[in-house]
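This report concerns the packing of helices in the structure shown below.

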Amino acid sequence: MILAFRLVFFAYIWIILMPNAFAAADIKETPQWCFSSMQQTRKQETRRKKDDSTKVWPLKYKQLLQIEDHDFAMRPGFGGSPVPVAIDVQVESIDSISEVNMDFTMTFYLRHYWKDERLSFPSTTNKSMTFDHRLIKKIWVPDIFFVHSKRSFIHDTTMENIMLRVYPDGNVLFSLRVTVSAMCFMDFSRFPLDRQNCSLELESYAYNDEDLMLYWKHGNKSLNTEEHISLSQFFVEEFSASSGLAFYSSTGWYNRLFINFVLRRHIFFFVLQTYFPAMLMVMLSWVSFWIDRRAVPARVSLGITTVLTMSTITTSVSASMPQVSYVKAVDVYLWVSSTFVFLSVIEYAAVNYLTTVEEWKRFKRRGQISGMYNINTVQAMAFDGCYHDSDMDQTSFSLHSEEDSVRGKSTGSPSTDSSRIKRRQSLGGHVGRIILENNHVIDTYSRILFPIVYIIFNLFYWGIYV
């Protein structure tokens, strides 16, 4: 009885529990089948992506160069020997030279070379990678600046003109296109027959010679220039590269590189605009030596015109030059030329005065002023310093009339008439000689002396300055 009861109980439990067990087994088997199907789907998608190259995501440069794994605020090899940074420069153009501001503007390509092992990467082809300006702020680059620069900028059309090229072994090329306006300490003592030596100086701002060693990559050959470089007022005679050290009392010694170039000024422009007009004004002032000394308005106006013209030329040259406190070569020439023009005016003043004094003494000595000249003639001589032909004619006419009346009253013999005629002829010849004697001895000497002295001055001037 007890055995029968146990069999019935186990049969009942079997009938109740077995369907639930089969259902749970089915539930457990279903996710495994779904998971395997999902894996197959993913594999198929991966194959399709491999077949379609447009779906491949490129490797990021951050991952390739491992930038995030290093602190690039420190220079390469920090704590050890200074990092060597090589420099070479390709000069594109010299844009302008300003004498007034004493500066120059230059556009060039500045290239840096150094090695940073933190940027090394594995490569089977040993090819470099090139990046633009967006990577510069994430790595260490040399902090080169331009000594004595006034203005500078990196060209940014259409993007910033910056290139970074990294090689597998960690060597780096950093290139940028820059325009710099820098000071040039000019000496104008020989202007415009001068040569100017200008230089652009490169130096690290933060790293002294214990941290960074700056040098030219290929010596003097590191400085290259375009063949078509030309300026309106200068010849570019030579470019050269040099290096040195600069000391600052608070920070120490720094490596400094120099871009040196020599400029020689074009002289032909100043010959046409300054020297030739000055020569013409000086020669024009000599014309007054050949003009009648009695032509006061002509000689005075000619002298004043040449003096004012020389003053205008001198002012125009000074306006385009810096206000330096020493004498320039062009100042010497213009002031000497102005002196010659001024002396030609003074020469006529001396001629006029001496002529007046000489004639006054001559007629006073003869005792003929009171008898032969009326008061109008004396006043005219006092005002303009010379005798007029009309006055002389009136004087000679009155003199002849008086002599005729006196001679006629005194005697009427033929011998007396002949002697009277001779006296009349001698007196008329004397007055005519006075009238026709237009040249003073000072004018005669000035016609020869002024040109000779001016030619000698030009020989010395061009021999010294050229």
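Contact here means heavy atoms within 4.5 Å. By this criterion, T274, Y275, A278, M279, M281, V282 and S285 in α3 meet V330, Y333, L334, S337, F340, V341 and S344 in α5. These residues divide into ten nonpolar, four polar and no charged (Ala, Val, Leu, Ile, Met, Phe, Trp, Tyr, Cys and Pro count as nonpolar, Asp, Glu, Lys and Arg as charged, and the others, Gly among them, as polar).

The model is predicted, with pLDDT of at least 70 required for local features and 80 or more for side-chain atom pairs, while totals for chains, interfaces and linings use all residues. Residues are numbered from 1 along each chain as its sequence is written, and side-chain values use heavy atoms, leaving out hydrogens and water.

Helices are DSSP runs (H or I, at least four residues), numbered from the N terminus. Axes are lines fitted to C-alpha atoms over the stretch in contact, and angles run from 0 to 180 degrees between N-to-C directions.

| Helix pair | Axes come within | Crossing angle |
|---|---|---|
| α3 (residues 268-285) and α5 | 9 Å | roughly 15° |
| α4 (residues 296-319) and α5 (residues 329-366) | 10 Å | roughly 165° |

Its crossing angle makes α3 roughly parallel to α5 (under 35 degrees), whereas α4 and α5 are therefore roughly antiparallel (over 145 degrees). The contact of α4 with α5 involves, among others, V296, R299, G303 and M310 of α4 and V330, L334, E347 and N352 of α5. The residues of this contact divide into 13 nonpolar, six polar and two charged.

Conventions:
Helices (H or I, at least four residues) and strands (E, at least two) are DSSP runs, numbered from the N terminus. Angles under 35 degrees count as roughly parallel, over 145 as roughly antiparallel, 65 to 115 as roughly perpendicular and the rest as oblique.
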